[in-house]
Amino acid sequence: MWWSKESTATPTGCQYDGFNYNAGESFWTEGCSQRCECHAPNDLRCSAASCTPTQECTIRNGQLGCFDEMSTCTVTGDPHYFTFDRAVAHFQGTCSYIITESVNPGINETQFQVVATNNHRGNNRVSFVSVVDVYLSNQLESVHVRIGPNRRVKVNGSEVSLPTTVGTLAQVVRQGRYIVVDAVDLKVHFNGRSTLLVRLGQYHQNRVTGMCGNFNSDPSDDKVLPNGTLAQNDNHFGHSWKSSTSQPR
């Protein structure tokens, strides 16, 4: 359902709440309760709208709108890596690799690292994520959460039942077919077989590194080595992020 709002025409478009809009331009009203479009001079049409449950109504780059609260990096299949900025890499290494880690966190912030271990599964030409390690730390504590095959979970080396609280840093719960490590502005989902989702809040833009990229809205600079130089190819990229803290099991 839509309706027209009275507006003061500009030579090429519409005016609303003191702002001019050209024909073809659209915008959200306060509270993201309506979506409006200027169809022609003095022809502004608005319809009821709202953000989805995973979005927030906020201003970014000077524009009010519905934006995803968290961005997702996906590791799935044999495996394929879809970064936060939507670059894609294909890499079949069989070791442990840094998927993402925080860069220069503040004094009171949680430092994190997510490591995925890939193993062959009946076909030596491809590999799948089999184990996910999540390392969290701040000034007061450090924890290590491991999600293994069959979605078995260990915290600091001891197997635990779910749901469980990991100090003050996170909770580990079951959500459908996923085990989820839920920390502030970081959610790690693993199905225990081959699919890993890492979700970050917008605060972490340009403050992470690893195979999920730097989360700066530019996919062209995601496939870089730890020293910041562009990788020659996907294999060069993947092997450069081999982790020294978690080896294959």
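Me: Say a cavity is a set of points on a 1 Å grid over the protein atoms alone where a 1.4 Å probe fits but cannot get out, with lining residues having an atom within 4 Å of a point; which residues line the largest one?
Reply: This is a predicted model, in which local features need pLDDT of at least 70 and side-chain atom pairs pLDDT 80 or more, while totals for chains, interfaces and linings use all residues. Residues are numbered from 1 along each chain, and side-chain values use heavy atoms, without hydrogens or water. The largest cavity is lined by Ser102, Val103, Pro105, Glu109, Thr110, Tyr203, His204 and Arg207.

Me: How much space is in there?
Reply: The largest cavity holds about 40 Å³, counted as the space filled by probe spheres set on the points, which are joined across faces, edges and corners; one cavity of 30 Å³ or more is found.

Me: And which residues have the most contacts inside the largest nonpolar core?
Reply: They are Ile99, Leu136, Val181 and Leu196, in a core of 44 residues (buried Ala, Val, Leu, Ile, Met, Phe, Trp, Tyr and Cys joined through side-chain atoms within 4.5 Å; buried is under 20% relative accessible area with a 1.4 Å probe, protein chains only, exposed over 50%, partly exposed in between). Apart from that core lies another, of seven residues, among them Cys14, Tyr21, Cys38 and Cys46.

Me: What does valine 181 contact beyond four places in sequence?
Reply: Valine 181 is in contact (heavy atoms within 4.5 Å) with Val134, Leu136, Val145, Ile147, Ala170, Gln171, Val172, Leu186, Lys187 and Val188.

Me: Switching to glutamine 92, what does it touch?
Reply: Leaving out residues up to four places away, glutamine 92 touches Asp78, Pro79, Arg125, Val126 and Ser127. Glutamine 92 and valine 126 are 34 residues apart in sequence, yet 5.4 Å apart in space, C-alpha to C-alpha.

Me: Why does glutamine 92 count as partly exposed?
Reply: Because its relative accessibility is 30%.

Notes. 1 Å grid on protein atoms, 1.4 Å probe; cavity = no way out; pocket = protein on both sides within 12 Å on 5 of 7 lines; lining within 4 Å.
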